[in-house]
Amino acid sequence: MKRHLISAADLTRDDAVLILDTAEEMARVADRPIKKLPTLRGRTVCNLFFEDSTRTRISFEAAEKRLSADVINFAAKGSSVSKGESLKDTAQTLEAMGVDAVVIRHGASGAPYRLANSGWIDAPVINAGDGTHQHPTQALLDAFTMRRRLIGPDAGLGEDLSGRRITVVGDVLHSRVARSNVDLLHTLGAEVTLVAPPTLVPVGVETWPCEVSYDLDRVLPKTDAVMMLRVQRERMNAAFFPTEREYSRRYGLDGERMARMPEHAIVMHPGPMVRGMEITAEVADSDRCTVIEQVTNGVSVRMAVLYLLLGGNEPAVTHTRTEGN
């Protein structure tokens, strides 16, 4: 694997399958009474969050602690960032403290790439979401959830998602999750269709490795997994659709629409959900909805990423000996 995880597009098929297979091993650790591995003992990981987060921040922290890493949590609110400190100065402060890896979420697209390639800090950088650009670990946990549900935990080992049809519905324009999923699912061999109002489809989407549709009802009967996206009002500076009611009527997933999907098909959502808008309570609480499962799988996938980026792709016993040669 490469040194940093900035974009899902950076991963080859072999990289992605290696992460998913490693996450399967990590998931077995979660079933034990003591959910800890000594793998990152003595390593310090900093969670650098410039944007609000619940699931991603807690998930990364849980993953780090289960690998026995020392964790530093940094939130922009209440830090020197609110006094005007730049990303460069923050990074150099962390470098001076000897941080071994940085997990960063930032409102500006490209901030993790800048951090990884600037020379400000000599540590692996993991992108936990940057603006409307990328969120690679979310795409990985989504792919992991699909593989487990559609193929099986054991049968899926070493497998990709070739031939599977995935539909991503909602605010694609502002969604880093949609971009990351299109990149990763294409790499894993899946066929992706984006469904959204024309106003919420990005310019240049014709160059993406996916299909685009404006008719949800036409796509649902042949989909293996449908991923509903939240309408990101906090990133909107204009009216992109007339009313919430009309959006929900045309692009929301309710029980009637779910019934038209194949029996094996699953419903996904990266969270947070807005019940009654893009998804009804009936669908969100059904057995076919994997939202809680995705949160559980997120910890396993992030454990796998941290393990592989911080030297876990070599056998732990021989790693120390070969280092000195």
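## A buried threonine

Thr290 is buried, with a relative accessible area of 0%; in this report, buried means under 20% relative accessible area, exposed means over 50%, and partly exposed lies in between (1.4 Å probe, protein chains only). Thr290 is located in the loop between helix 10 (281-284) and helix 11. Helices (H or I, at least four residues) and strands (E, at least two) are DSSP runs, numbered from the N terminus. Apart from neighbours within four places in sequence, the contacts of Thr290 are Thr145, Arg149, Ile266, Val267 and Met268, where contact means heavy atoms within 4.5 Å.

## Basis of the model

The model is predicted: local features need pLDDT of at least 70, side-chain atom pairs count only at pLDDT 80 or more, and totals for chains, interfaces and linings use all residues. Residues are numbered from 1 along each chain as its sequence is written, and side-chain values use heavy atoms, with hydrogens and water left out.

Domain 1 contributes 36 residues to the contact and domain 2 contributes 32 residues. Between them, the two domains bury about 2,700 Å², of which 57% is on carbon and sulfur atoms. Buried area is the accessible area (1.4 Å probe) that two parts lose on being put together, summed over both. Of the area that domain 1 buries against domain 2, Leu20, Glu24 and Thr132 supply 22%, more than any other three residues.

Across this interface there are 14 residue pairs in polar contact, both residues being at pLDDT 80 or more. A polar contact is a pair of N or O atoms within 3.5 Å; within protein, one must be able to donate a hydrogen and the other to accept it, and residues adjacent in sequence count only if both atoms are side-chain atoms. On the side of domain 1 that touches domain 2, the elements giving two or more residues are helix 1 (13-30), helix 2 (55-66), strand 3 (101-106), strand 4 (125-130) and helix 11 (291-312). Helix 1 provides the largest share of that side, 10 residues.

## Salt bridges

The whole structure holds 15 salt bridges, and the count between domain 1 and domain 2 is 5. A salt bridge is a side-chain nitrogen of Lys or Arg within 4 Å of a carboxyl oxygen of Asp or Glu. Asp160 lies in the loop between helix 5 (136-150) and strand 5 (165-169), Arg13 lies in helix 1, and the two are 147 residues apart. Asp160 is buried at 15% relative accessible area, whereas Arg13 is partly exposed at 32%.

Another salt bridge links Arg148 and Glu24, whose closest N and O atoms are 2.6 Å apart. Arg148 is in helix 5 and Glu24 in helix 1, 124 residues apart. Arg148 is partly exposed, at 27%, while Glu24 is buried, at 2%. The side chains of Asp154 and Arg28 also meet in a salt bridge (3.2 Å, N to O). Asp154 lies in the loop between helix 5 and strand 5 and Arg28 in helix 1, so this pair ties together parts 126 residues apart in sequence. Asp154 is exposed, with a relative accessible area of 55%, and Arg28 is partly exposed, at 36%.
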